[in-house]
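User: Can you walk me through this one? I'd like the overall picture, then the symmetry.

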Protein chains: 2
Amino acid sequence: MAVGKQLAVRIFPDAETDLTSLENGTARFDDVQYLLAWRYPFGLLDALPNLKLIISAGAGVDHVLLDPDLPDHIPLVRFVDRHLTTRMTSYVASQVLFHTRRLTEVLEHQRNAQWLYVCDPLPETVRVGVMGLGELGQASASTLVSLGFQMRGWSRSPKTIDGITCFSGDDGLVPFLAETDILVVLLPLTPQTKHMLNRDLFSQLSCTGRSAYLPGPVLINAARGGLQNVPDILTSLNDGTLYAASLDVFENEPLSAEHPLWSHPRVVVSPHIASVTSPHRIARYALKQISTFEAGGTLEHTVDRMRGY
Amino acid sequence: MAVGKQLAVRIFPDAETDLTSLENGTARFDDVQYLLAWRYPFGLLDALPNLKLIISAGAGVDHVLLDPDLPDHIPLVRFVDRHLTTRMTSYVASQVLFHTRRLTEVLEHQRNAQWLYVCDPLPETVRVGVMGLGELGQASASTLVSLGFQMRGWSRSPKTIDGITCFSGDDGLVPFLAETDILVVLLPLTPQTKHMLNRDLFSQLSCTGRSAYLPGPVLINAARGGLQNVPDILTSLNDGTLYAASLDVFENEPLSAEHPLWSHPRVVVSPHIASVTSPHRIARYALKQISTFEAGGTLEHTVDRMRGY
């Protein structure tokens, strides 16, 4: 796309789109070459015979990879953005500090107008483990280093990161969990990671000693709801396998008003806002990728379909 | 104090101490040469005719300096400690992130089981100003730099600190406040700073524009309750001059159960626990200072009585 070239944009769905034609498979949008999308309805790709590139408007592409009509030959890129990373880092830091400063208890005492001391652990005695060491995981871990926490990291393939003790693969998972007091999850959702955050995993946390004044292991999931088994989280919170949790993502969003997570005293529930993308930044990113594609260059952040991210 | 030398320790008050004799001025403890204390009762120094050194068990010495019997010739040192600094830094970071992530609203929506988006400001658009650039202020400001905030600092005398725009003195206060969205107070309490955190000061905050998604200025006071005018804080919160506050210190502690601060929806009240000192660390610090003193060396962190810190 040369400088000054016009790019026609079609918003989907708009008032003119006949959604029935999409559902019954007769829709056809011959003019669409590039798709910038987030959780689009399955069936859409069948209506785009001239599609050349799919750009996910989010860091995760699990929804796209579940599309049975996803053509093998069309490149798929994920959204990676400095602001997205900064926001995720601030969410992770806010929740790690919320639990290490034991704000659940501080706020409860405040509600009761009770002047009661709460002892909080010294950051250097707390081991924070980040699962998933992509852009978001690495940036979050590095920021937690500067806050004084002992950092661990786990990823599928081996990594070396300054200031972070890294573990990898199936063999690395047990030792990683044993040295983790606060588990921060920034993994992609793939068939391998689905429901990985279960009771068996929680029971392996923080087994090699524990920081004084941190009552137990903490789970922070800012990645995908499909990674977690919610009944296991509730059981683990209630029997002390977990002390607390911060959950920003859920398998079914929005979380239903009756869900027991809302009222659990040691869970912080947020509505998938850990890192919200600005439309302006996504548009700029999409334009850059399209320009690269049209110039025959190498796309950034291309998804490896076998890995799933 | 040579290695291996025994140091006799007297705990005050203990079961044998006749407190009446202290009150009527007849008490006398000739054997006490060093005093390690925190908010000791006035009158005590009169009973210590052979005192050579006073070591405050806290970073602030405002209470000691108010003692009418404080002799001019006895050196007074403050407690400065790496753990104390780390804890204060984690408190400050936890509260800055609490308010920038708008957790008051997130937790309110959770209590109501409402899936409602809350937009939070990008850290680099938020200007955090630290008043008081001693050990605690400088360390807190540096950590906030690594979290991506725009940092400002204000101190009595000019300072130069990497990554922080520094202001100083009376002339620097107005421009400092105008560029501050979140005010972190780590000042000593002196006659000059008493009740400095008042409505006039709050109304000067954040006057040169404001970050999108931060509803208004925030006050975080982790220094001394005597710095703040609480009725002004409440008025300012209620008319929007302040959006929120985190207060760890109060002029009268414990805060009475009837105090309106406990129940204010946008105030985080904690019971003077931002940075709690461990007795072990204080004892080690006191021994080090006494050793230096006995060896004729230069004491660290000696209080300048004219400055008040």
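User: What fraction of the 309 residues in chain A is buried?
Analyst: Buried residues account for 54% of the 309. Keep in mind that this is a predicted model.

User: How many helices and strands in chain A?
Analyst: Nine helices and 10 strands. The radius of gyration of chain A is 22 Å, close to the 19 Å from the globule rule for 309 residues, so chain A is as compact as a globular protein of that length.

User: What box do the C-alpha atoms of chain A fill?
Analyst: Roughly 65 × 45 × 35 Å, along the principal axes.

User: Of contacts in chain A between residues at least 6 apart in sequence, what share joins residues at least 24 apart?
Analyst: That share is 61%.

User: Switching to charge. How many positive and negative side chains in chain A?
Analyst: There are 25 positive and 32 negative ones. The centres of the two sets lie 6 Å apart.

User: Now symmetry. What rotation superposes chain B on chain A?
Analyst: One of 180 degrees, with 0.0 Å of shift along its axis and an RMSD of 0.0 Å. The two copies are thus related as by a two-fold rotation axis.

User: Which C-alpha in chain B is nearest the axis?
Analyst: That of B:S94, 3.1 Å from the axis.

User: And what percentage of the contact residues of chain B recur in chain A?
Analyst: 100%; the same surface serves both copies.

Conventions. Residues are numbered from 1 along each chain as its sequence is written. Chains are lettered from A and ligands numbered from 1 in the order in which they are written. This is a predicted model: local features need pLDDT of at least 70, side-chain atom pairs count only at pLDDT 80 or more; totals for chains, interfaces and linings use all residues. Side-chain values use heavy atoms; hydrogens and water are left out. Helices (H or I, at least four residues) and strands (E, at least two) are DSSP runs, numbered from the N terminus. The radius of gyration is taken over C-alpha atoms; the globule rule is 2.2 Å times the number of residues to the power 0.38. Buried means under 20% relative accessible area, exposed over 50%, partly exposed in between (1.4 Å probe, protein chains only). Contact means heavy atoms within 4.5 Å. Lys and Arg count as positive and Asp and Glu as negative; His and the chain ends are not counted. The place of a charge is taken as NZ of Lys, CZ of Arg, CG of Asp or CD of Glu. Copies are superposed by least squares on the C-alpha atoms of residues with pLDDT of at least 70 in both.
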